[in-house]
Amino acid sequence: MKVTRILAALTLVVGFAGAAHAQGAGCARLSWGTCDPQVADKVWSGPVGPYQIIYSIFGSGDGNVGTDSQVRLRHLNEPGGTQAVTPDAWRFDDSGCQTSSQAIYDNTALSKACPAYKGTNPLVITQFAQDVDGSSFLRLAITYDNFFPVATTRYTAWRLTFDETYGVTGPTDPGVNCGGAEQGINFSFDFANVLALTGFQLPLVNCDPTGAGLPAGTELTFNGGSPAPVATVPTTWGKLKGLYH
């Protein structure tokens, strides 16, 4: 079993398993503080939180041994909505202002009504990093022993908690705080997949295709989001990308 799980983890990280051509494994949702209904926007309310994003899965009935997803954070400039560097208040990468010490990513259940989407003996791999275009991404991968979800249940896949103790509006004071907390952020999925027992990666579609009035391709916003929509992505949020860009 240990060898099997190690191989499954390598499959998730490197992306060896092919995408399934069959029906998807359910749908994925990002929401501020809830599984259901979706809370699509969060407004800056000061350095105290909680600023917690709940990643939930619904309609998934396939036996599986893990999930692999990547969440993208974009801040866009006006005019024209050109890509800009992620504000310091949202730089939770190791070289960023906040650093990884200010974020917690866990797979525990939000509530009894939204239990954890995982089997026993979980192995977790996460990475928050800045990309070459200035956007940031959060890689979320987990493997576990065989898990058989119920399609009619909404599950907690991840709880993403961001500590904004050092977050402030306006510019950053280096070594003291992290500025730009008043800026808009668009959150989207680069991909979201379930690793089936067959070894195939089953794509999760968007639980909220209308986007609750959000810009095209955006799953969630902070401070109303950036001033322009990100490009619409395929239903499956694109092909698998490597862990490192």
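## Disulfides

The link of Cys27 and Cys207 is right-handed, with 90° about the S-S bond. Cys27 lies in strand E1 (residues 27–32) and Cys207 in the loop between E12 and strand E13 (220–222), so this pair ties together parts 180 residues apart in sequence. The sulfurs sit 2.0 Å apart. A disulfide here is a pair of cysteine sulfur atoms within 2.5 Å. Helices (H or I, at least four residues) and strands (E, at least two) are DSSP runs, numbered from the N terminus. This is a predicted model: local features need pLDDT of at least 70, side-chain atom pairs count only at pLDDT 80 or more, and totals for chains, interfaces and linings use all residues. Residues are numbered from 1 along each chain as its sequence is written, and side-chain values use heavy atoms, with hydrogens and water left out.

The count comes to three disulfides. Cys35 joins Cys114, S to S 2.0 Å. That link is left-handed, at -85°. Cys35 is in the loop between E1 and strand E2 (41–42), and Cys114 in the loop between E6 and strand E7 (123–130), 79 residues apart. Cys97 and Cys178 have their sulfur atoms 2.1 Å apart. Their link is left-handed too, at -90° about the S-S bond. Counting bonded cysteines along the chain, the pattern is 1-6, 2-4, 3-5.

Buried means under 20% relative accessible area, exposed over 50%, and partly exposed in between (1.4 Å probe, protein chains only). Cys27 is buried at 12%, and Cys207 is buried at 16%. Cys35 is buried at 7%. Cys114 is buried at 2%. Cys178 is buried at 2%, whereas Cys97 is partly exposed at 29%.

## The sheet

Five strands form an open, mixed sheet in the order E6-E9-E3-E1-E12. Strands pair if DSSP finds at least two bridges between them. The edge strands, E6 (103–106) and E12 (205–206), each pair on one side only. E3 (residues 51–58) and E9 (residues 155–162) run antiparallel over seven bridges. Ile57 stands opposite Tyr155 in E9.

## Ser60

Ser60 is in the loop between E3 and strand E4 (64–77). Ser60 is buried, at 1% relative accessibility. Its contacts (heavy atoms within 4.5 Å) include Ala25, Gly26 and Tyr117, not counting residues up to four places away in sequence. The side chain of Ser60 reaches the backbone oxygen of Ala25 at 3.2 Å. Leu202 is 142 residues away in sequence, yet 10.0 Å from Ser60, C-alpha to C-alpha.

Methods:
A polar contact is a pair of N or O atoms within 3.5 Å; within protein, one must be able to donate a hydrogen and the other to accept it, and residues adjacent in sequence count only if both atoms are side-chain atoms.
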